[in-house]
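Colleague: I would like to understand how the words used for a structure follow from the values behind them. Could we go through the terms one at a time?

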Amino acid sequence: MSSRLARRSALTVAALCSTALCTTVLALPSAANAGTDDAAAARSGSVRVHDIQGKTRISPFAGKRVADVPGVVTGVRGFGSARGFWLQDPRPDRDPATSEGIFVYTGKETPKVAVGDALRVSGEVAEFYPGGKEAGGQSVTQLTKAEWTKEKSGAKLPAAFRLTPRSVPEAYAPDAGGKSIEDRELHPGRYALDRYESLEGMRVSTREARVTGPTSKYNDLWVTTDPGQNRTPRGGTFYRSYEDQNGARLKISSLLDLDEHPFPVANVGDRLRGTTEGPLDYEQFGGYTLRATELGEHQDRELKREETRPQREDELSVATYNVENLSPKTEPAKFDRLAEGLVRNLAAPDIVTVEEVQDDSGPDDDGTVDADKTLKQLTEAVKKAGGPAYEWRQVSPEDGADGGQPGGNIRVAFLYNPERVTFTDREGGDATTPVKVEEKDGAPALSASPGRIAPQDPAWKASRKPLAGEFHFKGRPDTPVFVVANHFSSKGGGDLEGDEPMEGRFQPPTRHSEPQRVEQAKILNAFAKDIRAIDKKAVIVAGGDFNDFSFSPSLDALRAGGALTSPMNRLPENERYGYVFNGNSQSLDHLLTSPGAGRPEYDIVHINAEFADQSSDHDPSVVRMRLR
């Protein structure tokens with residue numbers, strides 16, 4: 001850069017907010033503590049970044065225009081529709097609650113600044129809610145409609161704040177009784193969310209960070225800043241309870257040119273060696289995110305995909321697998337990989353409950369509801385992979401009634417190996433007719449097999465209905481096995497209201513979707529009790545994606561009265577997971593069994609959730625049991 005440009009630039013650059021994004025930028029009325037002194041400071045040019053950020057999540061200058069705010073450019077986002085740069089004051093105050101960094105928003109225009117530029121920036125203070133205020137997230141304090149003058153280039157960057165087990169508190173967030181924490185004074189030494197908010201827009205860093213959430217298709221991943229926080233045996237971070245959120249988790253994305261600096265393709269347990277640093281941002285999907293201007297070197301720890309042992313001749317094996325929106329429109333390679341997982345990694349279970357099977361036209365919303373082509377293609381792929389000639393059973397839903405991807409009509413289904421088990425077919429099962437438990441010759445039997453459980457009950461609105469089927473294991477032909485395939489309503493809500501985000505402004509977050517799953521669990525629990533009322537030793541397996549945790553009220557309702565139990569709970573606690581969300585290893589998929597199933601052996605087979613390269617976002621699970 002020429003010496004002329006290195007001197008204070010006379011050029012003033014202005015950027016206007018784009019129409020699309022301005023709808024979620026709120027120029028709030030000034031807070032109560034933003035009185036006449038603040039207004040005078042804003043006009044005089046004596047305002048600094050920490051004054052703008054203030055001691056709470058909402059700026060005392062929100063809605064006001066500030067002039068000549070000094071700082072150094074620490075990062076530039078020159079892509080997407082929310083471009084801009086981060087500005088940090090190299091002369092901080094002594095208050096740990098007030099951030100020294102801020103984002104300057106320039107809309108769709110790439111700002112003509114560079115890291116190391118010392119600027120004086122004027123602009124309007126606004127609070128931007130990623131995803132909209134109704135999404136429940138926190139806001140990002142930023143400057144919009146900005147103008148700036150450059151004083152010099154090549155200024156020294158402020159030192160990055162180091163995120164460590166000591167600097168990030170164990171406690172996650174203040175308890176506001178479910179209300180907003182926005183107006184609460186920050187306590188960065190007490191709560192993880194307050195620590196991150198006190199660093200919003202500032203340079204932060206991690207060292208030797210372990211990956212806890214694999215690289216996504218959006219070129220981001222999750223790490224932990226505390227290697228000892230609820231670690232899983234395979235290198236993840238285990239989500240133990242609603243009160244144990246693992247605040248050391250941190251999302252990483254990159255501000256670097258991906259052509260010159262490809263984003264690492266990392267699995268859980270991998271490392272980013274050395275230093276990863278950049279300004280701290282907040283986004284809709286995951287919350288606080290380090291926007292890396294420097295990425296640590298990726299160290300591949302060679303995480304292996306697991307293989308379960310084959311069932312013995314006298315063992316019945318039942319598995320569950322969410323195949324994630326599978327249809328004939330899906331690329332053939334995914335069918336092959338799912339088949340390989342069933343045959344090689346799951347050892348060809350006798351029975352499989354599969355979830356998210358779409359209709360034969362996939363996401364095309366054309367009225368199709370049948371799924372025979374989808375299931376035929378899957379079972380043919382299994383046979384090609386050296387597995388058994390699986391047969392299938394399912395009941396097609398009403399068009400558009402069961403939620404999921406629009407047009408897809410996802411449903412649950414059974415695959416079974418006819419060489420090992422037989423399926424008892426009884427007519428009468430359809431989309432709306434409820435299956436009943438009947439007594440025949442002193443034993444429980446289903447009125448229809450396969451049949452849907454209470455499909456018209458309001459609990460199943462915009463959700464998949466459970467599918468019940470009656471099987472016989474060839475090793476014990478006199479003992480019926482009742483299997484129920486499940487896919488409970490989503491935490492995200494789908495067609496209904498979803499949960500508030502863990503990292504959002506409402507603390508603790510309200511789980512809006514939970515009451516529906518509790519009602520669904522009560523229906524399934526009652527169905528199991530109906531079977532056991534006829535035969536207390538009846539063998540029941542309820543498998544699937546229950547979209548809830550082993551410690552949740554939904555699972556408690558399933559287990560009520562001892563009708564069903566969770567053999568997963570006999571695993572070591574930090575091994576009870578088969579899904580990774582926002583860097584937390586957690587359990588959404590379960591296989592529950594009745595007391596009549598004895599003491600099954602449970603295995604979660606880690607082949608997907610921890611890997612950047614996935615055939616599904618869920619890991620399958622399997623139980624093996626010896627029938628009495």
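Colleague: Why is N219 called partly exposed?

Modeller: Buried means a relative accessible area under 20%, exposed means over 50%, and partly exposed lies in between, with a 1.4 Å probe and protein chains only. N219 has a relative accessible area of 31%, so it is called partly exposed. Please keep in mind that this is a predicted model, in which local features need pLDDT of at least 70, side-chain atom pairs count only at pLDDT 80 or more, and totals for chains, interfaces and linings use all residues. Residues are numbered from 1 along each chain as its sequence is written, and side-chain values use heavy atoms, with hydrogens and water left out.

Colleague: Where is N219 found, and which residues does N219 touch?

Modeller: N219 is found in the loop between β10 and β11 (221-224), where helices (H or I, at least four residues) and strands (E, at least two) are DSSP runs numbered from the N terminus. Contact means heavy atoms within 4.5 Å, and, not counting residues up to four places away in sequence, N219 touches I252, S253, L258 and F263. The C-alpha atoms of N219 and P262 are separated by 9.1 Å, although these two residues are 43 apart along the chain.

Colleague: What makes L290 count as buried?

Modeller: L290, which is found in strand β14, has a relative accessibility of 0% and therefore counts as buried. Leaving aside neighbours within four places in sequence, L290 is in contact with several residues, among them V204, L250, T276 and L280. By contrast, L290 and D270 are 20 residues apart in sequence and 18 Å apart in space, C-alpha to C-alpha.

Colleague: How do you know that β13 and β14 pair?

Modeller: Two strands pair if DSSP finds at least two bridges between them, and β13 and strand β14 (residues 287-292) have four bridges in the antiparallel sense. Within this pairing, D281 stands opposite T289 in β14. The hairpin of β13 and β14 has three residues between the strands, and G286 there takes a positive phi near 120°.

Colleague: Which other strands pair with β13?

Modeller: Strand β10 (residues 203-213) pairs with β13 in the antiparallel sense over seven bridges, and S205 has E277 in β13 as its bridge partner. Strand β15 (residues 297-299) also pairs with β13 in the antiparallel sense, over three bridges, with Q299 in β15 as the bridge partner of R271. Strand β13 (residues 271-283) is mostly covered, since 12 of its 13 residues are buried.

Colleague: Why is strand β30 described as largely enclosed?

Modeller: Strand β30 (residues 589-593) has five of its five residues buried, so it is largely enclosed by the rest of the structure. On one side D589, L591 and T593 are buried, and on the other H590 and L592 are buried, which leaves both faces covered. Strand β27 (residues 539-545) is joined to β30 by five bridges and runs antiparallel to it, and G543 has L591 in β30 as its bridge partner.

Colleague: What makes the protein chain as compact as a globular protein of that length?

Modeller: The protein chain has nine helices and 32 strands. Its radius of gyration is 28 Å, close to the 25 Å that the globule rule gives for 628 residues, so the chain is as compact as a globular protein of that length. The radius is taken over C-alpha atoms, and the rule is 2.2 Å times the number of residues to the power 0.38. Of the 628 residues, 60% count as buried.
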